[in-house]
Amino acid sequence: MSSATRHRLPLAGILRLGRPSDIWFKPALSVVAAVAPPNLILLALGRLDLAMYTMAGSLCALYGHNRPYAARARTLAWVVLGMTAGVAVALVTASLTSDAVILVTVGAVLAAVQKGACDATRIGPPAHVIFTFISSASLFAPGTLGQVPGHLGLVLAAGAWSWLVGMAPGLVRPHGPERRATAGALNATAAYADTRGTGEGHAAARAASAAAIHAAWQSLLAAGARPDATRRALERLLVRAEVALAAPADTDPARLRAWARELRGARRTLSLDIPGEHADELLGLDTELALPRPAPRHRLAPLAPLAARTAIGCALAGYASLALGVGRPYWALVTAASLYQANVTLTWSRGVQRVVGNVLGVLAFAVLAPLAHVDGVALVLCCVALNFGAEALMGRNYWLGSICVTPMALLVTEFARSQDATELMTDRVVDTLIGALVGFVAAVAVTNRRAGDRLEHALTEAERARENAARLLAEAHPERRALDGARRGLAAALVELRDTADAAAGEWWQRALPEDRVVLAEQAGHRTLAATVRRQGLAPCQHDPGTTTEDIRP
């Protein structure tokens with residue numbers, strides 16, 4: 001057992017810039033295409049005061065860019081409906097009461113529900129923050145009950161346009177997301193092969209490779225089982241990535257990277273020289289479909305503490321803002337909502353990034369405000385440009401993207417009427433500081449003792465999956481499909497174990513974590529995983545000591 005969890009608040013590296021996403025331009029261009037037409041139409045009609053509602057639908061275009069188009073169609077539809085539902089609750093509440101305390105309370109509950117829903121569905125960036133930003137702002141928008149249907153109609157209309165924008169690239173590159181996911185798995189596995197399985201950083205590279213391969217299989221699974229040549233080629237490539245993960249010393253990293261470059265190329269059809277193309281080797285999607293899926297309660301239970309943190313932290317931040325007399329308490333609420341990550345340590349890091357980005361963003365607003373106030377066209381174009389900048393920069397680091405998000409949010413408040421720039425800037429800075437401070441205090445106060453329980457469960461599942469694979473390996477002639485299913489089940493369990501261990505390591509106020517047991521479980525699991533690949537004849541048996549009888553014994 002490890003020693004008790006240390007309470008550290010790291011500063012080193014929090015503001016360090018990372019590499020941009022490979023598809024950073026896709027959400028950036030999509031949000032421009034989704035935001036600009038509705039806003040320009042409203043401007044032409046002289047109703048720019050309604051832009052907040054079209055923005056709600058337009059910002060749905062930010063979601064789903066890593067998902068295959070069949071899955072993306074469903075995801076975007078649910079995002080639009082979820083956004084509309086949040087706005088509906090906010091507008092109805094705002095039309096029935098003007099009590100700021102009630103409005104903040106409703107906003108906090110909405111934020112918690114949105115956080116839980118996004119985490120449960122693993123919808124990915126920007127997750128719940130956009131939903132909370134829109135619904136919280138709608139709570140403090142003046143209006144009557146009779147105006148609600150019309151405003152929701154604007155949300156749905158802009159959301160439908162966002163759906164079309166998000167789906168349009170599929171006409172040109174129908175397998176784009178699956179190809180990118182497979183290329184990511186190949187590149188990650190090549191990085192692991194560079195270590196030969198024993199070099200510096202090999203454990204982290206192995207975990208990253210396993211996670212990328214698992215994510216690529218899930219991408220193919222989400223796309224459905226259409227039997228076409230491209231899908232079969234992608235499945236064969238993932239089998240080769242699994243082989244490389246099992247036998248890094250026998251793998252040519254350059255070949256994996258060459259395949260990845262081909263996948264990222266512009267050609268619609270693939271012409272790849274992939275060894276081992278006989279059909280009985282490729283049980284991939286059938287095996288993945290046959291694996292048991294966790295019950296919904298198992299996915300939702302670990303999210304309860306995070307949802308409670310969100311509700312309490314957002315409510316307290318909003319109340320504190322009201323107590324200090326700040327005119328826009330929903331900004332403090334949204335700041336608190338944006339902090340909450342998988343654990344307290346990550347929440348602290350996000351809080352620092354949020355404060356730095358927002359303060360710099362307020363300064364950017366001071367520079368842009370005179371230009372935006374020239375006329376309505378300039379205002380709309382500034383907002384569109386800031387939307388593009390936010391998505392282009394967010395992948396480098398959250399604080400960098402926030403420099404564009406903050407002035408964009410301030411300019412949106414001026415769609416209805418011009419406001420005093422100094423007051424806007426002051427309120428934003430004060431609310432940012434309140435939201436970050438109160439939100440983090442709530443994260444520390446609301447403990448997540450389930451993190452340890454979840455890690456124990458993940459350990460048990462990984463050990464059970466390893467024992468199942470080892471039992472089949474001990475048989476003289478194991479059934480091929482059963483062995484393939486055991487291999488995939490073990491791979492998925494190891495990925496879940498690493499994710500759970502990373503999340504638990506940054507959590508406070510819990511018992512000591514079984515770190516040594518996690519390391520041993522991962523080592524044994526990957527040795528058994530390698531043994532299953534060799535037993536299936538997919539990889540050579542030399543150069544890797546991890547295939548002994550001791551390694552596969554239950």
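Before I note any handedness, I need one definition: a crossing is called left-handed if the near helix is turned anticlockwise from the far one by less than a right angle, and right-handed if clockwise. I also note that this is a predicted model.

**Whole chain.** I counted the elements first: the chain has 22 helices and 0 strands. I then looked up burial, and buried residues make up 53% of the 554 residues in the chain. For contacts with a separation of 6 or more, I found that 81% join residues 24 or more positions apart.

**Helix α9 and helix α10.** I took α9 (residues 229-246) and α10 (residues 253-264) as a pair; their axes come within 11 Å and cross at roughly 155 degrees. Angles over 145 degrees count as roughly antiparallel, so α9 is roughly antiparallel to α10. I looked up the hand, and the crossing of α9 and α10 is left-handed. From α9, Leu234, Leu237, Arg240 and Ala244 make the contact, and they meet Leu256, Trp259 and Leu263 of α10. By class, I have 6 nonpolar, no polar and 1 charged residues for this contact.

**Helix α2 and helix α6.** Which way does the crossing of α2 and α6 go, left-handed or right-handed? I found that it is right-handed. The axes of α2 and α6 (residues 148-167) come within 7 Å and cross at roughly 35 degrees. On the α2 side I listed Tyr53, Thr54, Ala56, Gly57 and Ser58, and on the α6 side His151, Leu154, Val155, Ala158, Gly159 and Ser162. By class, the contact of α2 with α6 has 5 nonpolar, 6 polar and no charged residues.

**Helix α5.** How many of the residues of α5 are buried? I found 12 of its 12 buried, among them His128, Phe131, Phe133 and Leu139. These buried residues pack against α2 (51-58), α3 (69-96), α4 (100-121), α14 (329-339) and α17 (398-412). I also checked the length of α5 (residues 128-139): at 1.5 Å a residue its 12 residues should span 16 Å, and its end C-alpha atoms are 16 Å apart, which agrees.

**Helix α19.** I repeated the length check on α19 (residues 450-474), where 25 residues should span 36 Å at 1.5 Å a residue; the end C-alpha atoms are 36 Å apart, which agrees. The buried residues of α19 include Ala451, Leu455, Ala458, Leu459, Ala462, Arg466 and Ala469.

Technical notes. Residues numbered from 1 in each chain as written. Predicted model: local features only at pLDDT ≥ 70, side-chain atom pairs only at ≥ 80, totals over all residues. Heavy atoms only, no water. Helix = DSSP H or I, 4+ residues; strand = E, 2+ residues; numbered from the N terminus. Expected span 1.5 Å × (residues − 1). Buried < 20%, exposed > 50% of the residue type's maximum accessible area, 1.4 Å probe, protein only. Axes fitted to C-alpha atoms, helices over the stretch in contact; angles between N-to-C directions. Parallel < 35°, antiparallel > 145°, perpendicular 65-115°, else oblique. Contact = heavy atoms within 4.5 Å. Nonpolar A, V, L, I, M, F, W, Y, C, P; charged D, E, K, R; others polar.
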